[in-house]
Amino acid sequence: MLGALTCGLLFKLYPKLPLATLITPNLYELARLTDTASDLLYFVDDTFSWFEGKRYESSNTHGTGCTLSCAIASNLALGYTLSESVKHSKDYVAGAIRDGLNIGQGNGPLNHCYNL
């Protein structure tokens, strides 16, 4: 879990981060920023929300980062708070992975339509 000191250091190293409402790095980007892959929503006032989630074994995860970002933005546009938007979006992405859409070769996409 990131502490306030670590996040404060991130803001010094990456001066444009405080201008963002939300950053959603993929695992590689998160590792470069923090050396961790925790599901943590950190606010600039040194508060945070921890989001527990289950990992699903699947090779069909192509586009999960973009899907998560778009889902959060969509939930914000619907009037949910940032924390609610992240929670709803993480649940949506987990369901889309869990559904197990298996098309093509290699790492396939998640099933965006699993809950229709």
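What share of the 116 residues of the chain counts as buried? The answer is 22%. This is a predicted model, and the legends below go through it view by view.

**View 1**
Follow the chain along its sequence, and the pattern reads α-α-β-β-α-α. The accessible surface comes to about 7900 Å². Carbon and sulfur atoms own 57% of that surface. Now look at contacts with a separation of 6 or more: 51% of them join residues 24 or more positions apart.

**View 2. Helix α3 spans residues 64–77.**
Count 14 residues in this helix. From the first C-alpha to the last, α3 reaches 20 Å. That is close to the 20 Å expected at 1.5 Å a residue. Four residues of α3 are buried: T67, A71, I72 and N75. They sit on the same side of α3, because they cover an arc of only 130° around the axis. An α-helix has 3.6 residues a turn, so residues three or four places apart point the same way. Turn to the face away from the buried side, and you find the exposed residues C66 and A77. Just after α3 comes G79, with a positive phi of about 100°.

**View 3. The buried residues of α3 pack against α4.**
Helix α4 covers residues 82–98. The cover over the buried residues of α4 includes α3 and also β1, residues 40–42. S85 is found in helix α4. Is S85 buried or exposed? S85 counts as buried, because its relative accessibility is 0%, and the cut-off for buried is under 20%. Which residues does S85 touch, leaving out those up to four places away in sequence? They are I72, N75, L76 and Y80. I72 and N75 are also among the buried residues of α3.

**View 4. Helix α4 has 17 residues.**
From its first C-alpha to its last, α4 reaches 24 Å. The buried residues of α4 are L82, S85, V86, S89, V93, A94, G95, A96 and I97. Just after the helix, G100 takes a positive phi of about 75°.

**View 5. One salt bridge is found in the structure.**
Its partners are K87 and D91. Their closest N and O atoms are 2.8 Å apart. How many residues apart are K87 and D91 in helix α4? They are four residues apart, so about one helical turn separates them. K87 is partly exposed, with a relative accessible area of 41%. D91 is partly exposed too, at 38%.

**View 6. One aromatic pair is found in the structure.**
The pair is made by the rings of Y92 and Y114. Their centres lie 5.8 Å apart. Their planes meet at 40°, so the pair is tilted. The pair links distant parts of the chain. Y92 is in helix α4, Y114 is in the segment after α4, and they are 22 residues apart. Y92 has 21% relative accessibility, so it counts as partly exposed. Y114 has 26%, and it also counts as partly exposed.

**View 7. N115 lies in the segment after α4.**
Compare its distance to Y92 in sequence and in space. N115 and Y92 are 23 residues apart in sequence. In space, they are 8.5 Å apart, C-alpha to C-alpha. N115 is partly exposed, and its relative accessible area is 47%.

**View 8. E52 is found in the loop between β2 and α3.**
Strand β2 covers residues 48–50. Is E52 buried or exposed? E52 is exposed, with a relative accessible area of 65%. E52 and K90 are 38 residues apart in sequence. C-alpha to C-alpha, they are 9.4 Å apart in space.

Notes:
Residues numbered from 1 in each chain as written. Predicted model: local features only at pLDDT ≥ 70, side-chain atom pairs only at ≥ 80, totals over all residues. Heavy atoms only, no water. Helix = DSSP H or I, 4+ residues; strand = E, 2+ residues; numbered from the N terminus. Expected span 1.5 Å × (residues − 1). Buried < 20%, exposed > 50% of the residue type's maximum accessible area, 1.4 Å probe, protein only. Arc of directions from axis to C-beta. Contact = heavy atoms within 4.5 Å. Phe/Tyr/Trp six-rings, centres within 6.5 Å; stacked < 30°, edge-to-face > 60°. Areas by Shrake-Rupley, 256 points an atom, 1.4 Å probe, with all protein chains shown as cover. Salt bridge = Lys/Arg side-chain N within 4 Å of Asp/Glu carboxyl O.
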